[in-house]
Amino acid sequence: AIGNQYNFQTDSDTEVILAAYDVYGMKFLSHLRGMFAFSLFDKQSGNVLIARDRFGIKPFYYRKLADQFLFASEIKSLINFSSANEEVNELKAYEFLANMQLDTDEQTMFKGVYQLLPATYAWVNKNAVMQAPVSYWDFPEPGNMTFDKNAKDELIDIFDKTISIHLRSDVPVGCFVSGGIDSSSVACF
């Protein structure tokens, strides 16, 4: 549908993010499917939008140092700067060692290094100040859904469309199979 409203200039799948933002404004996040973490510079406002996929599959870490806002997909890219005094976040270390908890909130094992939570976005202004993150999606409320004879066909149709969408890429794709029903189903489709 977006191809009817936007004239694509490349074959890159990342151009879809720019096109969706151009066409839908901030509602574009609800149109994105799959795994992503990105930043987008809005030339008109001079601000940077940062966003992460609904389930947090792709990581997005950030840090504020003096007048800089730094971000990366790995923590190791954000530590050991000469101006930074690296310290262990003792609470997170305890939660991990005692309760095997990791990635339960925005904090990481390093003080001052945070992660953008799944299904959230935030704006970072010209002065490297990040506004409060905003959640753009949440799990639907569980209900008392009854399954009729069409449920099987509906599941197969949705699953097939989802796999097809995820196979769209400007690079070769592959499939890792663990032998479980979920990865085997993905491979079969």
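Good morning. The structure is a predicted model, in which local features need pLDDT of at least 70 and side-chain atom pairs count only at pLDDT 80 or more, while totals for chains, interfaces and linings use all residues. Residues are numbered from 1 along each chain as its sequence is written, and side-chain values use heavy atoms, with hydrogens and water left out.

I begin with the overall layout. The protein chain contains 4 helices and 7 strands; helices here are DSSP runs of H or I with at least four residues, strands are runs of E with at least two, and both are numbered from the N terminus. In sequence order the pattern reads α-β-β-β-β-α-β-β-β-α-α. The C-alpha trace spans about 60 × 50 × 35 Å along its principal axes. Of the 189 residues, 27% are buried. By that term I mean under 20% relative accessible area, with exposed meaning over 50% and partly exposed in between, for a 1.4 Å probe and protein chains only. Among contacts (heavy atoms within 4.5 Å) between residues at least 6 apart in sequence, 38% join residues at least 24 apart.

Next, the sheet of 4 strands. It is open, with the order S1-S2-S6-S7 and antiparallel pairing. Two strands are taken to pair if DSSP finds at least two bridges between them. In general, the strands of a sheet pair through backbone hydrogen bonds, either parallel or antiparallel. The edge strands here are S1 and strand S7 (134–135), each pairing on one side only. Strand S6 (residues 120–124) is joined to S7 by 2 bridges, and the two run antiparallel. Within this pair, threonine 120 stands opposite serine 135 of S7. Helix H1 packs on the sheet, where it touches S1 and S6, and its direction makes about 50 degrees with that of S1. Such angles run from 0 to 180 degrees between N-to-C directions, and the axes are lines fitted to C-alpha atoms, for helices over the stretch in contact.

Which residues of H1 are buried? They are Glu15, Ile17, Ala19, Ala20 and Tyr21, and they pack against S1 and S6. Just after H1, glycine 25 takes a positive phi of about 65 degrees.

The other sheet to describe has 3 strands. It too is open and antiparallel, in the order S4-S3-S5. S4 and strand S5 (113–115) stand at the edges with a single partner strand each, so one side of each is left without a neighbour in the sheet. On average, neighbouring strands of this sheet are turned by 25 degrees against each other, direction ignored. Strand S3 (residues 61–65) and strand S4 (residues 68–72) pair in the antiparallel sense over 5 bridges, with leucine 65 opposite glutamine 68 in S4. Their hairpin has 2 residues between the strands, and alanine 66 there takes a positive phi near 50 degrees.

The elements that give two or more residues to the lining are helix H1 (15–24), strand S1 (37–42), helix H3 (151–166) and helix H4 (181–188). By class, the lining has 28 nonpolar, 9 polar and 9 charged residues. Here Ala, Val, Leu, Ile, Met, Phe, Trp, Tyr, Cys and Pro count as nonpolar, Asp, Glu, Lys and Arg as charged, and the others, Gly among them, as polar.

Finally, two loop residues. Aspartate 103 lies in the loop between helix H2 (90–99) and S5, and has a positive phi of about 60 degrees although it is not a glycine.
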